[in-house]
Amino acid sequence: TGPWGYLYQNAVKRTKIALRDGVLRGILWHQGEGDSSASGIAAYQEQLTRMLTALRADLDVAAIPFVAGELGVWDLKKHAGRAAFNRNLADLPIWVSPSAVVSSGGLAHKGDGTHFGSAGLREFGKRYADAMQELQKVPR
């Protein structure tokens with residue numbers, strides 16, 4: 001376990017309960033924009049790698065595939081930090097194996113310029129599934 005608090009512990013607990021009757025085939029991750037500051041981006045690789053290493057250990061799934069999604073960028077001037085975050089996240093497969101990054105390109109927000117809209121979320125889900133299946137080499 002690591003210093004990630006209640007949400008992390010809750011995720012581990014719920015996953016272990018689900019594993020009583022199921023099989024964990026991969027981990028999907030979507031980071032919020034809170035780490036899109038210069039300092040957040042600089043620390044992100046180490047923090048995510050440490051958290052994922054601990055999560056894999058806590059769940060006893062050492063080489064489970066990991067798929068992360070980009071932040072939404074709808075206004076390059078307003079969302080410069082998000083764009084920089086996404087450029088950093090693109091290197092995820094170098095930090096973590098097996099892993100993939102899912103593009104948020106072309107997905108619309110729900111009108112607030114921050115959160116994905118319903119249609120965008122459905123498409124994002126398909127992109128996550130495609131990336132996970134590619135990592136698992138599972139035919140559709």
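A residue counts as buried when its relative accessible area is under 20%. The views below come from a predicted model.

**View 1. Helix 2 and its kink.** Helix 2 runs over residues 38-59 and has 22 residues. From its first C-alpha to its last, helix 2 reaches 32 Å, close to the 32 Å expected at 1.5 Å a residue. A kink of about 50° is centred on Tyr44. After helix 2 comes Asp60, with a positive phi near 55°.

**View 2. The aromatic pair of Trp29 and Phe66.** The whole structure holds five aromatic pairs. In this one the ring centres are 6.4 Å apart and the planes meet at 35°, so the pair is tilted. Trp29 lies in strand 1 and Phe66 in strand 2, 37 residues apart. Trp29 is partly exposed because its relative accessibility is 26%, whereas Phe66, at 0%, is buried.

**View 3. The aromatic pair of Trp74 and Phe116.** This pair is edge-to-face, with 5.2 Å from centre to centre and 70° between the planes. Trp74 sits in the loop between strand 2 and helix 3, and Phe116 in the loop between strand 3 (99-102) and helix 5 (118-136). Trp74 has a relative accessible area of 26% and is therefore partly exposed; Phe116, at 10%, is buried. Together with Phe124 and Tyr128, Trp74 and Phe116 form one aromatic cluster.

How values were computed:
Residues are numbered from 1 along each chain as its sequence is written. This is a predicted model: local features need pLDDT of at least 70, side-chain atom pairs count only at pLDDT 80 or more; totals for chains, interfaces and linings use all residues. Side-chain values use heavy atoms; hydrogens and water are left out. Helices (H or I, at least four residues) and strands (E, at least two) are DSSP runs, numbered from the N terminus. The expected span of a helix is 1.5 Å times one less than its number of residues. The bend at a residue is the angle between axes fitted to the seven residues ending there and the seven starting there. Rings of Phe, Tyr and Trp (its six-membered ring) pair if their centres lie within 6.5 Å; planes under 30 degrees apart count as stacked, over 60 as edge-to-face and the rest as tilted. Buried means under 20% relative accessible area, exposed over 50%, partly exposed in between (1.4 Å probe, protein chains only).
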